[in-house]
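Dear colleague,

Please find below the structure that I am handing over to you. My findings follow directly after it, grouped by region.

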Amino acid sequence: MAGMEERRAGRCGGPPWGRGRPRPFGGGGTPWWNRQDGGEGGGEGDHGPRLPWRSTLLLTVFVVAGSGFAGHEQPDRVPLDSLGRSLLVVGCLLLLWRQRHPVVVAAGTTAVTLAYFAAGYPYGPVFLVVALACFSAVVAGRRRVAWAALGTLWAAHLLAGHWLYRWLPPEGDSASSWGEEIAVGAWVVAILAVSEVVRVRREQWDRDRAERRQAAGRRADEERLRIARELHDVLAHSISVINVQAGVGLALLDSDPEQARTALTTIKAASKEALGEVRQVLDTLRAPGAAPRAPAPGLDRLPELVEQAAAAGLTVAVESRGGRRSLPPGADLAAFRIVQEALTNVVRHSGSRHARVRVEHAADELRLLVDDDGPATGAAAGGSGNGLAGMRERAAALGGTIDAGPREDGGFRVRAVLPLTNTPGEPSYGVPGPKEER
């Protein structure tokens, strides 16, 4: 059981990146630009996603080269030297761990960027380092850390540009303009806004994915229950008839060979019909969604049930009220299977050899009543114990009800009400009721 649950969890449960799929927008998986055949990206090792070497290397080259070009256009700033380039490289290299440790990377890149500007080096693409680190932190769910990092960077820039510039390089620097501060603030707000939008979209995608997986799981469970009910109803009825006729044949084999031949003929016909219906059910497993080769049984086959019950020694009287009308396929099949299971239970569990079936067609519902005079034999019939539960599930799937229980005069009654105009969107299972056949 534990192994089955683990396989089910691995198939349906958990986020997609937990099963080897990448997270969107770098939220813990490896984006497509970091993948390489058989190497980097696309999977997770023992310590999380692989390091994004390619994107980090490209960003490092761009930041270092871009800062050099920007320095030529800012002669009033400190020229970019080995220390400045080292700070740029260190800030970029920290981004290698942005997926594994977004909090540390966001704080580290902010500290390196502050040191870079405090040394008086020229403005340039170094802002991209902090932007990418904080973006990764927000997408990973570390929103407060990203906000604090960007807020600290903007506050430090404001403080240095209007007060500390007197003591910081370059010498003779003047106060920053408020237009520049507004531009930096707008840059910070833009990074946070884009990051939040991506985070919200990713969470929505994750929810949609989880809902689709749950819906697929529910559909699979419902299909398994449907097939299990069909197999149970087909096999329980047919094997009950075969069992009774086999007993008759064995008892009369020597004393009345002709009657034994009749019993064997009934066994052959019942087994052939059961094999055909089982094959039809199994075909739906081999070709999901394919149209069945034969129409599903309905109440038009009620005379066949009466004949099969008669072959098993049960006399069935059928009464129809309200006039015959066309039924929806689901209700027609459910009604047939309910009557079939009820008669099977009479054959297997009742000492009575007489049963009555009443079918009432109302304007908006179909009522079924199956009675026998009892008493219950109390002998084990080898059933699966799911007969009444299966009938209740069939009725509940259509929004109907099933009442089954002993009568005061010693018999047993099954009453079913199936609505014909109000079909629920999804079947309901696990309806309370007896879990065993009589």
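Two strands are taken to pair if DSSP finds at least two bridges between them. By that criterion, strand S6 pairs with strand S7 (residues 412-419): six bridges join the two, and they run antiparallel. Within this pairing, Thr401 stands opposite Val417 in S7. Please note that the model is a predicted one.

Overall composition

The protein chain contains eleven helices and seven strands. Of its 438 residues, 41% count as buried. Among contacts between residues at least 6 apart in sequence, 71% join residues at least 24 apart.

The sheet

S6 and S7 belong to an open sheet of five strands with mixed pairing, in the order S3-S4-S5-S7-S6. Strand S3 (315-321) and strand S6 (401-406) stand at the edges; each has a single partner strand, so one side of each is left without a neighbour in the sheet. From one strand to the next, the twist averages 10°. Helix H11 (residues 387-397) packs on the sheet, where it touches S6 and S7, and its direction makes about 155° with that of S6.

H10 has 21 residues and reaches 30 Å from its first C-alpha to its last, close to the 30 Å expected at 1.5 Å a residue. Of those 21 residues, 19 are buried, so H10 is largely enclosed by the rest of the structure.

Helix H4 (residues 102-118) gives a similar check on its length: at 1.5 Å a residue, its 17 residues should span 24 Å, and its end C-alpha atoms are 24 Å apart, which agrees. The buried residues in H4 include Pro102, Val105, Ala106, Gly108 and Thr109, and also Thr110, Val112, Thr113, Tyr116 and Phe117. After H4 comes Gly120, which has a positive phi near 85°.

Leaving aside residues up to four places away in sequence, Arg413 touches Leu369, Val370, Asp371, Asp403, Ala404, Gly405 and Arg407. The C-alpha atoms of Arg413 and Val346 are separated by 10.0 Å, although the two residues are 67 apart along the chain.

Arg202 is found in helix H7 (residues 178-252). Its side chain reaches the backbone oxygen of Val139 at 2.9 Å. Is Arg202 buried or exposed? With a relative accessible area of 8%, which is under the 20% cut-off, Arg202 is buried.

Yours sincerely

Conventions
Residues are numbered from 1 along each chain as its sequence is written. This is a predicted model: local features need pLDDT of at least 70, side-chain atom pairs count only at pLDDT 80 or more; totals for chains, interfaces and linings use all residues. Side-chain values use heavy atoms; hydrogens and water are left out. Helices (H or I, at least four residues) and strands (E, at least two) are DSSP runs, numbered from the N terminus. Buried means under 20% relative accessible area, exposed over 50%, partly exposed in between (1.4 Å probe, protein chains only). A polar contact is a pair of N or O atoms within 3.5 Å; within protein, one must be able to donate a hydrogen and the other to accept it, and residues adjacent in sequence count only if both atoms are side-chain atoms. Axes are lines fitted to C-alpha atoms, for helices over the stretch in contact, and angles run from 0 to 180 degrees between N-to-C directions. Contact means heavy atoms within 4.5 Å. The expected span of a helix is 1.5 Å times one less than its number of residues.
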